[in-house]
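Morning, everyone. Let me put the model up, and then I'll walk through the core, the ligand site and the charged pairs.

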Amino acid sequence: MIDTDCIFCKIIRGDIPCAKIFETPSVLAFLDIAPVRPGHALVIPKAHHPALWDLPDEDGRDLLAALKIVGRAVVQATGAGGCNVVMNNGAPAGQLVAHAHFHVIPRVRDDGLELWPGTPYADPQAMSRLAEAIRSRI
Ligand code: 5GP
Ligand code: ZN
């Protein structure tokens, strides 16, 4: 499946160049053009699907296998101590490109990048109510 207007589909087709780092028949990995930190990579399925839950299971398995390979290589090549693997799903979550993709962001200790400040539930019942609401949709 290809979306002719999608920037990542254009990269997969070779219409737009990229700094490619890994490729399989179903997955492509390349450096993000505007990295959070140098070495920030994107790992994407070659098939166009907008979000995580749209991905066929086989693509999901291939992506996880690629993430393991790319994640380790990014961490080693950048001298980082670890990395965040992040996926934005939907515009409110910060997804700008509607072609499912994982970010691999190399991290070093005290690099100042603060993700997801947590706040405990104010209402002790709210957590179990939400868990039930989510369970009922699975
Ligand atoms: P999102 O916000 O959708 O999760 O992330 C999209 C990412 O794609 C952004 O980090 C952005 O910098 C990157 N990006 C957008 N256009 C291009 C491009 O043409 N080439 C590359 N290499 N990265 C891109
Ligand atoms: Zn696409």
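**Core, ligand, charges**

Start at F102. Leaving out residues up to four places away in sequence, F102 touches A41, L42, V43, L52, L63, L67, V85, V86 and M87. Contact here means heavy atoms within 4.5 Å.

Two notes on what you're looking at. This is a predicted model: local features need pLDDT of at least 70, side-chain atom pairs count only at pLDDT 80 or more, and totals for chains, interfaces and linings use all residues. Residues are numbered from 1 along each chain as its sequence is written, chains are lettered from A and ligands numbered from 1 in the order in which they are written, and side-chain values use heavy atoms, with hydrogens and water left out.

Now the core. The largest nonpolar core has 14 residues, and V43, L63, V70, F102 and V104 touch the most other members. By nonpolar core I mean buried Ala, Val, Leu, Ile, Met, Phe, Trp, Tyr and Cys residues joined through side-chain atoms within 4.5 Å. Buried is under 20% relative accessible area, exposed is over 50%, and partly exposed is in between, with a 1.4 Å probe and protein chains only.

Which elements build this core? Strand 2 (27–31), strand 3, helix 2 and strand 5 (102–107) each supply at least two residues. Helix 2 gives the largest share, 5 residues. Helices (H or I, at least four residues) and strands (E, at least two) are DSSP runs, numbered from the N terminus. Apart from this core lies another, of 9 residues, including C9, L28, F30 and I44.

Next, ligand 1. It is surrounded by 16 residues, the closest being D32, G94, L96, H101 and H103; the cut-off is a heavy atom within 4 Å. A backbone N or O atom of L31 sits 2.9 Å from a ligand nitrogen. For I33, the corresponding distance to a ligand nitrogen is 3.3 Å. A polar backbone atom of V97 lies 2.9 Å from a ligand oxygen.

Last, charges. There are 6 salt bridges, each a side-chain nitrogen of Lys or Arg within 4 Å of a carboxyl oxygen of Asp or Glu. K46 pairs with E23 at 2.8 Å. That pair links distant parts of the chain, 23 residues apart: E23 is in strand 1 (residues 20–23), K46 in the loop between strand 3 (41–45) and helix 2 (57–78). K20, E23 and K46 form a network of salt bridges. R107 meets D111 at 2.7 Å, N to O. Buried or partly exposed, R107? Buried, because its relative accessibility is 17%.

How values were computed:
A polar contact is a pair of N or O atoms within 3.5 Å; within protein, one must be able to donate a hydrogen and the other to accept it, and residues adjacent in sequence count only if both atoms are side-chain atoms.
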